[in-house]
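I opened a new structure today. These are my notes, in the order in which I looked things up.

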Amino acid sequence: MTQQNVKFLENSEDTEFNKKMKDIFEYFHQRPELSYEEYDTTKELAKLLREGDIDILDLPMKTGLVAEIKGKKGGPTIAIRTDIDALPITEETNLTYKSKNKGKMHACGHDFHMTTILGAAYLLKRDQKKLKGNVRILFQPAEESSHGAEEVIKTSALDGVQAIFGLHCNSDWDVGTLGINVGPVTAAVDRFEVEVTGKGTHAAHPELGTDPIVAASNIITALQTIVSRNMHPLNPAIVSVTHMESGHTWNVIPEKAYFEGTVRTLNEKDRELIPEKIKMISENIAEAYGAKANFNWYEGPPATNNDKDWTEVAISVAKKDGYQVKIISPKMGGEDFAYYQKTLSGTFVNIGVGKGESLHSPKFKIDELALEKSTKYFKNLAEQALIVLNSKRD
Ligand SMILES: [Zn+2]
Ligand SMILES: [Zn+2]
């Protein structure tokens with residue numbers, strides 16, 4: 001590669017590198033793509049990785065990609081992961097680099113994540129000779145669909161990986177704040193559907209039919225006792241019915257009623273118990289009304305599960321890098337990084353990007369000043385993780 005291409009890698013302290021990162025961030029922010037449609041984003045990432053002379057693995061992925069920086073021969077391998085997708089939201093900021101893709105927006109900061117991890121990759125590449133092992137860099141598609149991580153796991157992207165690290169931005173905090181905790185920091189996100197079948201009839205003759213609306217209404221009310229009467233009071237869990245449909249006019253009792261919703265839990269025991277209870281309540285109440293309930297359960301990502309030792313490593317690197325570290329409580333939102341943590345130990349950190357509008361808001365913004373610190377942090381964290389793994393071998 002030409003000297004001109006790597007010039008910005010020569011000295012990370014210089015403003016040229018930070019300017020390059022800012023430009024990359026703004027480029028991605030202007031060109032958001034939805035889950036599974038991240039074709040241009042992937043193309044640009046590949047171009048930028050090639051500019052940094054970073055190897056891209058040959059994997060069967062339609063969007064997203066995996067790169068690798070090889071260090072010490074025979075050394076351990078770790079992975080760092082960023083998501084790359086955006087949301088179907090029309091941007092309402094006044095940024096000069098506002099989204100150019102109509103109705104799409106990086107409103108969850110995945111442009112910030114991508115730039116951070118790409119920047120860290122550049123810095124790791126620059127100091128490749130000192131690297132005590134290999135760093136696999138996952139540019140994962142479709143996080144917002146909750147299933148992008150599974151696409152990556154299906155490939156051989158994680159072969160030989162011993163630990164994994166990921167990030168999310170946080171707009172409740174100033175730049176320079178990093179939040180983390182051991183155990184779950186996000187919840188398992190599952191979906192359920194119930195269809196109640198009765199017998200349709202004239203509204204003037206309810207005695208001739210079986211009203212599915214009355215049965216479904218009673219089921220929905222009873223579902224609210226699952227958490228309050230079955231969960232440990234100090235164990236957060238949510239059962240929410242968020243959508244219901246039945247009937248089409250005022251003088252006909254319909255045949256069916258449908259509703260769906262979501263369940264959020266932080267541990268596997270609750271996650272197993274809740275769908276059993278929903279099924280039992282739905283079927284038995286429906287039966288009591290002479291109707292029939294059909295229950296379906298769709299699993300999303302489990303709760304994240306931050307490893308104690310890796311969380312301590314992430315905290316010590318953060319403190320060294322001058323971050324103010326916050327020990328956070330879990331949130332009931334989801335994060336598909338959790339799929340990696342089913343088999344790999346690792347930790348997931350939250351990074352302050354300036355106080356402002358919440359994630360997924362059309363006015364969500366990132367303070368670009370956060371980039372410089374987060375880029376260096378992920379470089380330092382990757383290096384330190386490899387040092388730790390090497391010391392465990394000795
Ligand atoms: Zn999001
Ligand atoms: Zn996100």
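I began with metal donors, which I take as N, O and S atoms within 2.8 Å of the metal (3.2 Å for Na, K and Ca); water is not among the atoms, so sites may look incomplete. This is a predicted model, where local features need pLDDT of at least 70, side-chain atom pairs count only at pLDDT 80 or more, and totals for chains, interfaces and linings use all residues. Residues are numbered from 1 along each chain as its sequence is written, chains are lettered from A and ligands numbered from 1 in the order in which they are written, and side-chain values use heavy atoms, with hydrogens and water left out.

**Entry 1: the zinc ions**

I looked up the distance between the zinc ion (ligand 2) and the zinc ion (ligand 1), and it is 3.2 Å. Cys 108 coordinates both ions. Which residues coordinate the zinc ion (ligand 2)? I found Cys 108 (SG), His 110 (NE2) and His 168 (NE2), at 2.1 to 2.3 Å. Along the chain, these donors follow the spacing C-x1-H-x57-H.

I took helices (H or I, at least four residues) and strands (E, at least two) as DSSP runs, numbered from the N terminus. His 110 belongs to helix 4 (residues 110-126) and His 168 to strand 5 (residues 161-170), so the pair ties together parts that are 58 residues apart in sequence.

Are they buried or exposed? I call a residue buried under 20% relative accessible area, exposed over 50%, and partly exposed in between (1.4 Å probe, protein chains only). His 110 is buried, at 0% relative accessibility. His 168 is buried too, at 7%.

**Entry 2: the whole protein**

I stepped back for the overall numbers. I counted 10 helices and 14 strands in the protein. Its C-alpha atoms fill a box of roughly 85 × 50 × 40 Å, taken along the principal axes. The protein has 394 residues, and 55% of them count as buried.

**Entry 3: salt bridges**

Side chains of opposite charge can pair when their charged atoms come close. I counted a salt bridge where a side-chain nitrogen of Lys or Arg is within 4 Å of a carboxyl oxygen of Asp or Glu. How many salt bridges does the whole structure hold? My search found 24.

I looked at helix 2 (residues 15-30), where Glu 26 and Lys 22 sit 4 residues apart, about one turn of the helix. Their side chains meet in a salt bridge (3.8 Å, N to O). Glu 26 is buried, at 18% relative accessibility. Lys 22 is partly exposed, at 36%.

Then I turned to helix 10 (residues 369-393), in which Glu 372 and Lys 376 are 4 residues apart, about one helical turn. They form a salt bridge, with the closest N and O atoms 3.5 Å apart. Glu 372 is partly exposed, at 35% relative accessible area. Lys 376 is partly exposed as well, at 23%.

Helix 10 also holds Glu 383 and Lys 379, again 4 residues apart. Their side chains meet in a salt bridge at 3.1 Å, N to O. Lys 379 is buried, with a relative accessible area of 8%.
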